[in-house]
Amino acid sequence: MRSFSLVFALAAISSVVAHPIHQARELKIIGRDTSAKFIRRETDPAAELKLLADGNTAFRDSLQTSEPELLQKLTDDGQSPPFMFLGCSDSRVSEGTVFNAKPGTLFTQRNIANQFQANDNNAQSVLSYAVSELGVNHVIVMGHYGCGGIAAAIIPSPPNQIDAANGAVQNWIEPIREIFRTSSRPEIVELRTKNAAATEIEEPDIKEPGFRALVEENVKANVARIAASSVITNHYALLAANATGTAERRSGEAGPPTDVYIHGWVYDLENGEIRDLGISVGPAGKTIPAPPFAAVAESAVNSASSHNTPQPAATAETPVKRCEQLCKAKRSLAGMFGARMN
Ligand SMILES: [Zn+2]
């Protein structure tokens, strides 16, 4: 079970293996056992599927014992999750598992290396619906050490693509390559310098400082992108206008706008621990609640300043216009989900 959903990370690295030539210098990635080891299983496919059926039975039995009304309540009342979660698709980082969370807790987006991009309609629509309709209080970006998508990004993009699928993976991790190419964080600089002189690049160990730093910097970059997104800047402008009484609307269509805080965390595959990167942001004038996790190493916290995102400044004019845009967006989304359209 450990590796079956790692095919995309595997594909990213496989394409690097298949196209080792870069700038007339042969690069090979070797020893890729950490993030995307492919294990051939000698199991009966039907028996393998039965694992999921057994799991579903255990889940229903457990809920029937602990909270027998929950599923019907969520069906009748609709969902109202306090959290939106953006995490990696890696099978070892399932948000329901690592937070021991019940249904109705986390509105979720997962993709390779937990990225939020302006041109990704999937992530944009999840964030918009979470903030504007569901009224989540927290948006959490959580990366993880040992991430295959991050490991693949330490290698330059191959000059030729095998096929469209591999091209998609390569394009997807390009923003992480950009961080690797440009970051001034010492651990990343050291790894980049070491790789620049190498003809064989070994997939970094999960404890490699540069690898861990790149995982952390990728989380920071995505927290910054979310904070700078139109969804969040519009929402913060609406909050500010409500606070000063300058908004035409005192609330969003789905109820009063909620204070939304954005957090950056990282998960440790080896022990299941979550660490806080110390980069949480929130609406202007609000005290950001302290995440209940220990901080990452001091070097990571100290480098957070390079990713600080300025708070959007609301003016007397802009909130109304932004609200119009926001409400239009919310109406267009309203038909997509049946519940909680009060
Ligand atoms: Zn990952």
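1. Let's start at one residue. His144 has 25 C-beta neighbours inside 10 Å, so it counts as buried. Keep in mind that this is a predicted model. His144 belongs to strand 6. Setting aside residues up to four places away in sequence, His144 touches Cys88, Asp90, Val93, Val215, Val266, Tyr267 and Leu269.

2. Is Cys147 buried or exposed? Cys147 counts as buried, because 32 C-beta neighbours lie inside 10 Å of it. As for where to look, Cys147 sits in the loop between strand 6 and helix 6 (148-152).

3. Now the wider picture. The protein chain has 342 residues, and 36% of them are buried. Its secondary structure comes to 12 helices and nine strands. Take the contacts between residues at least 6 apart in sequence: 75% of them join residues at least 24 apart.

4. Five strands make up an open sheet with mixed pairing, in the order 5-4-6-8-9. Strand 5 (106-111) and strand 9 (274-276) are its edge strands, each pairing on one side only. On average, neighbouring strands of this sheet are turned by 25° against each other, direction ignored.

5. Strand 4 (residues 83-88) runs parallel to strand 6 (residues 138-144), and five bridges join the two. Within this pair, Leu86 has Val141 as its bridge partner, and Met84 stands opposite Val139. Strand 4 also pairs with strand 5, in the parallel sense and over six bridges; there, Phe85 stands opposite Thr108. Five of the six residues of strand 4 are buried, so this strand is largely enclosed by the rest of the structure.

6. Which helices go with the sheet? Helix 5 (residues 121-133) packs on it, touching strand 4, strand 5 and strand 6, and its direction makes about 170° with that of strand 5. Helix 9 (residues 209-228) lies across strand 4, strand 6 and strand 8 (261-267), and runs at about 155° to strand 6.

7. In soluble globular proteins, nonpolar side chains tend to be buried together. Here the largest nonpolar core has 63 residues, and those with the most contacts inside it are Leu127, Ala130, Val139, Ile150, Ile226 and Val266. Helix 9 gives the largest share of this core, 10 residues.

8. In helix 8 (residues 186-196), the residues Glu187, Ile188 and Leu191 are buried. They cover an arc of only 95° around the axis, which puts them on the same side of helix 8. An α-helix has 3.6 residues a turn, so residues three or four places apart point the same way. The buried residues of helix 8 pack against helix 7 (164-182) and helix 9. Turned away from that buried side is a face with the exposed residues Thr193 and Ala196.

9. How many residues of helix 3 are buried? The count is zero among the eight residues of helix 3 (residues 70-77), which is hardly covered.

10. One last stop is Leu239, which is found in helix 10 (residues 230-244). Leu239 is buried, with 24 other C-beta atoms within 10 Å. Leaving aside neighbours within four places in sequence, Leu239 is in contact with Pro257, Asp259 and Pro283. Have a look at Ala284 too: along the chain, Leu239 and Ala284 are 45 residues apart, and their C-alpha atoms are separated by 9.0 Å.

How values were computed
Residues numbered from 1 in each chain as written. Predicted model: local features only at pLDDT ≥ 70, side-chain atom pairs only at ≥ 80, totals over all residues. Pairing = 2+ DSSP bridges. Helix = DSSP H or I, 4+ residues; strand = E, 2+ residues; numbered from the N terminus. Axes fitted to C-alpha atoms, helices over the stretch in contact; angles between N-to-C directions. Contact = placed C-beta atoms within 7 Å. Buried ≥ 20, exposed ≤ 12 C-beta atoms within 10 Å, placed from the backbone. Core = buried A, V, L, I, M, F, W, Y, C linked by C-beta atoms within 7 Å. Arc of directions from axis to C-beta.
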